[in-house]
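Thanks for coming. I will walk through one structure, starting with the chain as a whole and then moving to a few places in it.

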Amino acid sequence: TLNVNLLYCPFTDPITPPLGIASLKACVEEFSNVHVRCVDLNIKWHAMFLTTKQDSNVETIGKAEEQYKNSDGMFVDLDKYRSVSIDYINTLYNVHDNLQYSLCFDGKNNNTISFLESLALQGNPDIIGFSILFDAQILCSLLLAKEIKKKHPKKIVVFGGAGILSSFHKVINNPYVD
């Protein structure tokens with residue numbers, strides 16, 4: 001049996017599940033002898049980010065969490081919810097931008113890529129597929145592919161998804177993408 005991990009990498013909003021890789025998994029497993037794992041690295045990174053609560057983001061994250069902590073599970077103040085949501089999303093955009101900037105210029109082994117790499121390789125896949133929907137995912141995906149290929153050169157790394165149309169030139173000649 002061939003093992004395949006389909007990855008959905010950061011950095012995009014954590015509000016939409018990666019339905020493309022889930023649909024691909026269903027089709028491949030229905031018509032072949034291939035085991036497919038879908039790994040939403042984007043949501044795993046966001047969950048890790050929320051548990052670390054970096055100092056500059058504690059207040060915004062705390063406000064967002066408070067919106068979910070009432071007894072009936074309903075939002076008490078819709079206007080406050082909207083305001084907090086906007087602040088939270090803006091904070092995430094800033095975090096995403098800053099982290100991507102640091103990924104570009106961090107010469108040492110980056111903790112973010114190491115964290116994602118261990119998740120991407122779970123189950124010892126033969127093939128690792130990256131699903132790209134947004135340009136914001138391309139840098140992290142390419143850096144992760146680079147780390148995987150450096151340590152596991154025999155693993156097959158492929159890229160796909162609607163976002164490849166705008167990022168094709170960054171992927172097609174990349175030595176870490178098969």
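What share of the contacts in the protein chain with a separation of 6 or more comes from residues 24 or more positions apart? The share is 73%, where contact means heavy atoms within 4.5 Å.

A word on what you are looking at. This is a predicted model, in which local features need pLDDT of at least 70 and side-chain atom pairs count only at pLDDT 80 or more, while totals for chains, interfaces and linings use all residues. Residues are numbered from 1 along each chain as its sequence is written, and side-chain values use heavy atoms, with hydrogens and water left out.

The protein chain has seven helices and four strands. Helices (H or I, at least four residues) and strands (E, at least two) are DSSP runs, numbered from the N terminus. From that end, the order of elements is β-α-β-α-α-α-α-β-α-β-α. Of the 178 residues in the protein chain, 39% are buried. Buried means under 20% relative accessible area, exposed over 50%, and partly exposed in between, with a 1.4 Å probe and protein chains only.

Now the start of the chain. Strand S1, residues 2-8, and strand S2, residues 34-40, run parallel and are joined by seven bridges; two strands pair if DSSP finds at least two bridges between them. Within this pair, leucine 6 is opposite cysteine 38 of S2. Together with helix H1, residues 19-31, the two strands S1 and S2 form a right-handed β-α-β unit. Right-handed here means that, with the strands pointing away from the viewer, the path from the first strand over the helix to the second runs clockwise.

Next, the interior. A nonpolar core is a set of buried Ala, Val, Leu, Ile, Met, Phe, Trp, Tyr and Cys residues joined through side-chain atoms within 4.5 Å. The largest one has 31 residues, and Leu7, Leu41, Phe130, Leu144, Ile148 and Phe159 have the most contacts inside it. Among the elements giving two or more residues to this core are helix H2 (41-52), helix H4 (78-105) and helix H6 (138-151). H6 gives the most, six residues. A second, separate core has seven residues, including Leu6, Ile21, Val34 and Ile127.

H6 has 14 residues and spans 20 Å from first C-alpha to last, close to the 20 Å expected at 1.5 Å a residue; the expected span is 1.5 Å times one less than the number of residues. Its buried residues include Ile138, Leu144 and Ile148.

Which residues does leucine 41 touch, not counting those up to four places away in sequence? They are Leu7, Tyr8, Cys9, Pro10, Leu116, Leu119, Ala120 and Leu144. Asparagine 42, in helix H2, counts as buried because its relative accessibility is 2%. Leaving aside neighbours within four places, asparagine 42 is in contact with Tyr8, Cys9, Pro10, Phe11, Thr12, Asp13 and Pro14.

Last, glycine 161. This glycine lies in the loop between strand S4 (156-160) and helix H7 (164-172), and is partly exposed at 41%.
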